[in-house]
Amino acid sequence: MRKKKLIVANWKMNPGSAAEARVLFNKTKQTGSRLDKVETVICPPFPFIGLFARAGTTRVFLGAQDVFWANSARATGEVSPEMLKDLGASYCIIGHSERRALGETDDSVSKKLRAALAEGLTPIVCVGEKERDAEGRYFGILKAQLTASFSGITRAQFRDISIAYEPLWAIGKSAREAAEPRVIREMSIFIQKVLSDLYGEEAARLPRILYGGSVEERNTTPILAEGGVSGLLVGHASLNAEGFGKMLKTANAV
Ligand code: PGA
């Protein structure tokens, strides 16, 4: 089991200017660089990634919010794994629910995963159900997402992937509406079970399982301590450098 927690800042389509992005990146980097039990990943929007080319450290890493599934193709508007790698990105989020809402499918997630891995990027694959129905159909939904996303991924490649459980009903709200730690624990055990059916028990322990969805300062400790996850994917709360810095320090101490 890896000891360091992975805390990912998903800036989404923020901030509005390069100047603000620089301030946010530098402040976050400053805090993250001091912490020895946390790996901080900062995922700015594509146009800002070049601003931070090779600005990563051994504790703070650059990531992207998406990636295309090929290095060379007629693909207007897309960004290749090769370009991200060249700018020093180490991670990329794949299959975020906001991308899925714009047409991303399990099939494109699987293609992007393979392309990212081939370029040496570490993918953070997002899965999660839209709603929690009383019959528990969300378990099947999650299982189908995981199985389809990992089709074509070998056991050796699979160890380098992180998985973010992000239930759609908990995204973009306040800490009060985040999934409860006991739910997060249950779902991370379920994800682990699906992965062990696909890759064997030992291999299934290797990827880090993260939680995302309204993680803020006040629920960082309970989610990490009781939720059984090895990291967090943080959206809106990562845009406030001070607050996010506190979350990083909290994660370092849990
Ligand atoms: P949130 O976003 O923290 O604002 O809920 C998380 C995400 O969508 O990755």
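1. Start with Gly-235. One of its backbone N or O atoms lies 2.8 Å from an oxygen atom of the ligand. Keep in mind that this is a predicted model.

2. Gly-172 also uses its backbone. A polar backbone atom of Gly-172 is 2.6 Å from an oxygen atom of the ligand.

3. His-236 uses its side chain instead. An N or O atom there sits 2.6 Å from a ligand oxygen atom. How much of the ligand does the protein bury? The ligand taken alone exposes 280 Å², and the protein buries 99% of that.

4. Now look at the residues around the ligand. Among them are Asn-10, Lys-12, His-96, Glu-166 and Ile-171. The list also includes Gly-213, Ser-214, Leu-233 and Val-234.

5. Find Asn-219 in helix α10, which covers residues 217-226.

6. Is Asn-219 buried or exposed? Asn-219 has a relative accessible area of 9%. The cut-off for buried is under 20%, so Asn-219 counts as buried.

7. What does Asn-219 touch, leaving aside neighbours within four places in sequence? Its contacts are Ala-175, Ala-178 and Ser-214.

Notes. Residues are numbered from 1 along each chain as its sequence is written. This is a predicted model: local features need pLDDT of at least 70, side-chain atom pairs count only at pLDDT 80 or more; totals for chains, interfaces and linings use all residues. Side-chain values use heavy atoms; hydrogens and water are left out. Helices (H or I, at least four residues) and strands (E, at least two) are DSSP runs, numbered from the N terminus. Buried means under 20% relative accessible area, exposed over 50%, partly exposed in between (1.4 Å probe, protein chains only). Contact means heavy atoms within 4.5 Å. A residue is near a molecule or strand if one of its heavy atoms lies within 4 Å of it. A polar contact is a pair of N or O atoms within 3.5 Å; within protein, one must be able to donate a hydrogen and the other to accept it, and residues adjacent in sequence count only if both atoms are side-chain atoms. Accessible areas come from the Shrake-Rupley method with a 1.4 Å probe; for residues, only the protein chains shown count as cover.
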